[in-house]
Amino acid sequence: MSEWYRWDTLAEAQACLNYVNNHPKLPVVGVNAATKKPAPDKQQTTQWASEVIECNDGKFGFPRVTTAWLDSLGITQEERDTFLATFNPTIEEFDPAWIPAAEEYNVR
Amino acid sequence: MAKLTVPAGTRFFITAGARVVVNAGWTPAEMTTEAWYDASDTSPTNIVQSGDSVSQLSDKGPNGYHLTQGTAEQQPQTNRTINGLNVIHGAGSDFMTGEHLEYGTFPIPASGDIAIFVVAYPDSVVQQNQSMFSFDASNDFQFDAGNNSAFYGRIKPDGIGSSGYDMNAVDKVGALGIFSVQLDFNGAGQYTGFYNGTEEGTPVSYTAKLSSTQVFRFLGNRGNNYMLDGAIGEMVIVEDVTTATRQKIEGYLAWKWGTKDNLADNHPYKDIPPLKGN
């Protein structure tokens, strides 16, 4: 299971996700798997997460930005520290119980 | 012209001056595919990645139905091999934000017929709707685990006039296998499933064809909330639902991915791979 950022309010969570999804280093141009050369005409990575999830326990969150992702973007440790200080998320191990029960959510 | 078939590992001698034509191995490039996704071939399939995360897996067939994922935390990974070949895998467990690729406007052939062949290795299952792939529209289906702790294989439809098809209740987690799903609307009016070339379960009759355009999801279900925890090596999608074509594609996949020993003894490609021109 992965870790998530979580907050008590939707506004806090949305502000953080907006910052992440609009980071100046996005979109990311991928590389061709064989040549390792940039493939700007192919699908680019345009955002980290698509939406804030309202959890069953009343909190709001989305999956934590991974170290691998931060490393690939070249985000400095200073910027990582500033990010956490600015948005102040609680970092928690993902719990499937946060997600609305399948019957309520559209199981298809 | 005489044909000589030589089993793998057999030595034979050719007299000087003789003319010998050797047939190359058959691949899906020899037929019309609806789509062909091959994770093992990192060159022509043009897997596009950032780190190990895949943003695009291209269609090697003529239609260009490239699978994409622009959201980083939903991108599957390409840092694993099975039987020496590269695969694409999803973590599956973080459903709702799970890893998958998709093509948003996948046309279903006018006949309504479609066959999907997948080389896959399910790693684990925690929910029956975790899907290897799905077609999402009003008349649609997904191919999912069918069990909350094992991957049996289930064709779960909506809107086509039937309730679903269960493959044998044998867990397929932890093994590389060839899954074949066939929807034959125009002929028998039935759909069915095969595992390593052997039909499992009883074909199910249905009355309405699939919707003409679908969201096709690779590693995910129609609701986009239950993803496969596992790997996919290759997927071939064709309109032709004949037995001969099914067996040829199964033979191609089995020999390529090292699972030929799992084909039934009476499978025509148990002992020799399909060859060009045959």
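How many residue pairs are in polar contact between chain A and chain B? Keep both chains on screen; the tour starts at their contact. The model is predicted.

**Stop 1: the contact between the chains**

Select chain A and chain B together. The count is 13 residue pairs in polar contact, with both residues at pLDDT 80 or more. Salt bridges between chain A and chain B number zero. Now show every residue that takes part. Chain A gives 33 residues to the contact, and chain B gives 35. Between them, about 2700 Å² is buried. Carbon and sulfur atoms give 53% of that area.

**Stop 2: the chain A side**

Chain A presents 20 nonpolar, ten polar and three charged residues to chain B.

**Stop 3: a strand pairing across the chains**

Stay on E2(A) and bring in strand E2 of chain B, residues 48-50. E2(A) and E2(B) pair in the antiparallel sense. Two bridges join them. To find a bridge, pick Asn32(A); its partner in E2(B) is Val48(B).

**Stop 4: chain B as a whole**

Chain B has 17 strands and one helix. Its length is 278 residues, of which 57% count as buried. Now consider contacts in chain B between residues at least 6 apart in sequence. Of these, 64% join residues at least 24 apart.

**Stop 5: Asn224(B)**

Go to the loop of chain B between strand E16 (213-218) and strand E17 (229-238). Select Asn224(B), which is found there. Is Asn224(B) buried, partly exposed or exposed? Its relative accessibility is 26%, so Asn224(B) counts as partly exposed. The cut-offs behind this are under 20% for buried and over 50% for exposed.

The side chains of Asn224(B) and His100(B) make a polar contact at 3.3 Å.

Finish with a distance. Pick the C-alpha atoms of Asn224(B) and Ser163(B). The two residues are 61 residues apart along the chain, and their C-alpha atoms are separated by 20 Å.

Conventions: Residues are numbered from 1 along each chain as its sequence is written. Chains are lettered from A and ligands numbered from 1 in the order in which they are written. This is a predicted model: local features need pLDDT of at least 70, side-chain atom pairs count only at pLDDT 80 or more; totals for chains, interfaces and linings use all residues. Side-chain values use heavy atoms; hydrogens and water are left out. Helices (H or I, at least four residues) and strands (E, at least two) are DSSP runs, numbered from the N terminus. Buried means under 20% relative accessible area, exposed over 50%, partly exposed in between (1.4 Å probe, protein chains only). A polar contact is a pair of N or O atoms within 3.5 Å; within protein, one must be able to donate a hydrogen and the other to accept it, and residues adjacent in sequence count only if both atoms are side-chain atoms. Contact means heavy atoms within 4.5 Å. Buried area is the accessible area (1.4 Å probe) that two parts lose on being put together, summed over both. A salt bridge is a side-chain nitrogen of Lys or Arg within 4 Å of a carboxyl oxygen of Asp or Glu. Ala, Val, Leu, Ile, Met, Phe, Trp, Tyr, Cys and Pro count as nonpolar, Asp, Glu, Lys and Arg as charged, and the others, Gly among them, as polar. Two strands pair if DSSP finds at least two bridges between them.
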